[in-house]
Number of protein chains: 4
Amino acid sequence: MSIAILCSGGDAPGMNPAIKRFVDYAYLKGDKPYFIYDGLEGLIDAQIKPATHKDVSGIMHKGGSIIGTSRSKRFFQKSYREKAYENLKSRGIDSLLVLGGDGSFRAMDVFSKEFDISFIGIPTTIDNDIALNDYCLGVDTALNVIRDATDKIRDTASTFRRGFVIEIMGRECGYLCAASAVACGAELCIIPEVDTDLSLAERILLEQIKNGRKYVLCFVAEGTAKTDYMVEWIEKKLNLETRKSVLGYIQRGGNPTVYDRLMAFEYVVRALNSLYSGKNINSVITYRNGEFFYHNIGEIVSSSYEISHRITDMLNYIG
Amino acid sequence: MSIAILCSGGDAPGMNPAIKRFVDYAYLKGDKPYFIYDGLEGLIDAQIKPATHKDVSGIMHKGGSIIGTSRSKRFFQKSYREKAYENLKSRGIDSLLVLGGDGSFRAMDVFSKEFDISFIGIPTTIDNDIALNDYCLGVDTALNVIRDATDKIRDTASTFRRGFVIEIMGRECGYLCAASAVACGAELCIIPEVDTDLSLAERILLEQIKNGRKYVLCFVAEGTAKTDYMVEWIEKKLNLETRKSVLGYIQRGGNPTVYDRLMAFEYVVRALNSLYSGKNINSVITYRNGEFFYHNIGEIVSSSYEISHRITDMLNYIG
Amino acid sequence: MSIAILCSGGDAPGMNPAIKRFVDYAYLKGDKPYFIYDGLEGLIDAQIKPATHKDVSGIMHKGGSIIGTSRSKRFFQKSYREKAYENLKSRGIDSLLVLGGDGSFRAMDVFSKEFDISFIGIPTTIDNDIALNDYCLGVDTALNVIRDATDKIRDTASTFRRGFVIEIMGRECGYLCAASAVACGAELCIIPEVDTDLSLAERILLEQIKNGRKYVLCFVAEGTAKTDYMVEWIEKKLNLETRKSVLGYIQRGGNPTVYDRLMAFEYVVRALNSLYSGKNINSVITYRNGEFFYHNIGEIVSSSYEISHRITDMLNYIG
Amino acid sequence: MSIAILCSGGDAPGMNPAIKRFVDYAYLKGDKPYFIYDGLEGLIDAQIKPATHKDVSGIMHKGGSIIGTSRSKRFFQKSYREKAYENLKSRGIDSLLVLGGDGSFRAMDVFSKEFDISFIGIPTTIDNDIALNDYCLGVDTALNVIRDATDKIRDTASTFRRGFVIEIMGRECGYLCAASAVACGAELCIIPEVDTDLSLAERILLEQIKNGRKYVLCFVAEGTAKTDYMVEWIEKKLNLETRKSVLGYIQRGGNPTVYDRLMAFEYVVRALNSLYSGKNINSVITYRNGEFFYHNIGEIVSSSYEISHRITDMLNYIG
């Protein structure tokens, strides 16, 4: 048997450590691993090459993905999936390790049912929005990049009397925003999952400003679309000149943290062991309360993602 | 009731976030919190002051501890513990939150049995060597500091044909060393808990060097006292000019990571809730598989620390 | 005589090292230094306190300014300047050390002519836009913050086929943008001082894309207001999906680099020596080709800032 | 004509940006550049390859040198230099760009006199010890790596009552140590070029300790061999428990700063322009007071390196 790895959807900082472990572990098992470049687009276009040790030397500390990734519309059409299958078959590849989010896993699920291809999915997205799962590769690095940027913004915020509104990525999910707000000591946090009592916040913060508070830091999840609203709110209700900062794409980059490197290691070894043994194939590996599980894509899609109460509980104590 | 916080033993990067949460949460609960400066030494010498919001403003990103810490020999003598008790009693303090390791918790256990003082201990040491516990505050930050230093050493190592031996802290415990070795892609890792098969390593590495490997990175836990031995071993067996780097005290410093900040938050809120409710007092909070537990010091001392198999399993695949 | 320090206008990462040197050197000379908090606003409102060693302990690595800064409209009115003068006189302060830009220096110039107050100005702004001067405090730190952010953006840019447009601060001045573009290896750089030949760039980049270039990085100075234009230009002319990233306020923060710390030291020692000796007072210290000079504000205002040809020369070779 | 680049001696963080500029600029000029791998050893052993744009893509942020470096004893023998010459001649290479220190430049000087080979040397060493020159590539990065490590050590130093002795690289030269001591706010600095008055320091520091100073930071240049002496001195004279930290090889690594990247750019463009025009060949480019000069190796060797008085002047004010 032969296994190929591919990335799909948005990139995340855990991808390169995972790719390195994939190559090292596959060779250790006597396998000859393959790379599929540029995601499902590259799978369709036969951008497939044998992976070597040299390819993955010195990549552990790099953000992004050395094999690229893509969002593919063509893969929704059966004709292109057939092409993809031919590309794999002609090279003797029968299994895929997929780093991505649930859209990618759904595509793989369809593909594996149509053709004789096994796959394992590893949740890899800074949005941390996969159901039945606590941790997606890349989240810890993104959180520390946000911390680092916020430390810098706080330098300038604390020098003036000012409000600062920081917009955080995460699509419909507020995890990245909430965890950052708690870790960075924000006064306000606006996420899709929680209905913040702004009139209470107003009362508390006005009191604090009267007692000497100089600046107010507010984190807003992009999914709420309330960034500009909160800028106005602080200016009007708290009477503070306010600036906004959209952190944007720096949140997707950065040297993977130790946590992301170790998690990449564990996810990949389990994924390959499944594919080699034929157990738990065509599923997604998840991580909950310190243990790894396998779920088929149906279970994941039919469950809805819930933000951890450990994070939302903490939000009650900020401000 | 009134609660004071103190640090004891070696410092660790999670201390300041924990101190900040202690102050914020105590005030939120209507309590008036206290600081004990310079650990048990300061407790004996009455270096005790009310804690204010201002004291903890802007400390989240600082390593070390703003209230200091110490190792106290005097506290082993009852006369000094009596003095310590008087210092607390005269200020109306009846509870202590202690950030430290098991030596500190044992001292607290004795103290709480002799006098009418409650305590909760939070495992805080980069050595990660508390039994029945997966995670001590400070470990994640230390791991990322080591990663960062290793990235720099690798720059120069890969420029020459060379061996590099990096000595890692952790006293008798190899956790920090093993996790770093895996995360940084070391070829060799020597820790107290595992008997590395050096003749196998020699065979594999000589083969790799023949095939083009230019440098060899070896992590050694200080507890093994084998740093110099491994320098010689690489020079002699692998015939590579070899340098050593003792990372030393930089491992104790650094801006606390998001993981350490969030764990500090959760540990402290649980500790204070215990002290306020009188439940689970005179114990140490531990964290295993994503859940928090309370153990009395007897359970912890009578158990022996075991390094997580999740880490040692990974060691089988490096090199 | 007694000297006070104040910051004025936008904050910059060299301010705290300068403040620390001011206090240390003034005490060394037997003087009793003062802080004026919150810039000219604080000067009007008598936010003036004796500066202590304790105030400046452990501030060298902090961005922003521990004494705050402001932009003051009131200071344009003579009545408020009279109030400012009374505040200084009543405390026996006769000299001011001012960290700021040329607007602040002009205000000081007026003030020193009306009242018996001496001042020295130190160019301090990440915009690097003071005439007759190569280097403003804060620039080196800002450049390295931008480098660090760009490294992260490049991670994700290189993972997709994409254009990336990064907007850089600097008001009307393109220095920060040009130096960053060269240092980060950008393909395109748009600044107010240079007329970029976009049709040449189009030809070269299309050729490179044909030969395998996957992504294009474009730096735009905020003063050109061409950020959105360049996003469209890349999408249309180079046929690459393109994202923009406005780095914003992170550029003003961050741990001051060694260069900024040493320059702060040298600027401040010279400034204090002038005030103590009465030589070259009521002027701005500038730095050109490795030497320090004194200019009265008239010379600076009547000269126009010119971006260093050393930087613009390098722009000819990027892309 | 054809030009090759090589690194020689210890590595320094400016090497990769210089290598990238070399390749980009040579192609821009229509030249076909070459790499010589592993320094003079590789020159002898014919490790010479055409350099491509792909080789230097994404290397700007890497410490070390992607083409390696070495210290060569064989090159002292004429027979090996003949071999080296043959290797160049057979490939049509007539010019060398050499990144290294004065030992390497002397070797080149001999080589260029014996054979028909031109060279230009660019001072590249974190030791900053080239005569007639203010700045060697790599120094700014090394200084900021030291600053970063010292920030971490200060975290733990300030938590205990302690002395800390930090040993800094630089061989016989104290520049790196002195600049770091000033920038990091050390109390003591021991370098080869200055005779520190320790009895004065003792008096001042004892006074400060009496007034509340908790810790003492001492920087020692490796060239003085006084690290252990200063540990004992602080323990005995200042009565503080003292730790030492030998920063070691992390000082050679790290993402090149903007300053090093820009200086690399300017050095390389000047070097190539010389080789292309035949002007100032067989010399070393130096940088003084903001300008570039050319010196033949004789001038440099017959001058002795002097540490900048700008740095040693600052030492008078620390402590």
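Visitor: Which strands does helix α6 of chain B lie across?
Guide: In this predicted model, helix α6 (residues 175–183) of chain B lies across β6, β7 and β8 of chain B. Helix α6(B) runs at about 160° to β8(B). Helices (H or I, at least four residues) and strands (E, at least two) are DSSP runs, numbered from the N terminus. Axes are lines fitted to C-alpha atoms, for helices over the stretch in contact, and angles run from 0 to 180 degrees between N-to-C directions.

Visitor: What is the order of the strands in the sheet of chain B?
Guide: The order is β7-β8-β6-β9 (chain B), an open sheet of four strands with parallel pairing. Two strands pair if DSSP finds at least two bridges between them.

Visitor: And which strands stand at the edges?
Guide: Those are β7 (188–190) and β9 (242–246) of chain B; each has a single partner strand, so one side of each lacks a neighbour in the sheet. From one strand to the next, the twist averages 15°.

Visitor: How many bridges pair β6 with β9 in chain B?
Guide: Five bridges, in the parallel sense, pair β6 (residues 162–168) of chain B with β9(B). Phe164(B) stands opposite Arg243(B) in β9(B).

Visitor: What does helix α5 of chain B touch?
Guide: Helix α5 (residues 139–157) of chain B packs on the sheet and touches β6, β8 (215–221) and β9 of chain B. Its direction makes about 165° with that of β6(B). Contact between two residues requires C-beta atoms, placed from the backbone, within 7 Å.

Visitor: How many residues does the contact take from chain D and from chain B?
Guide: The contact takes 25 residues from chain D and 25 residues from chain B. On the side of chain D that touches chain B, the largest share, six residues, comes from α5(D).

Visitor: Which chain has no contact with chain A?
Guide: No contact joins chain A and chain D; their closest C-alpha atoms lie 11 Å apart.

Visitor: What are the conventions for numbering and confidence?
Guide: Residues are numbered from 1 along each chain as its sequence is written, and chains are lettered from A and ligands numbered from 1 in the order in which they are written. Local features need pLDDT of at least 70, side-chain atom pairs count only at pLDDT 80 or more, and totals for chains, interfaces and linings use all residues.
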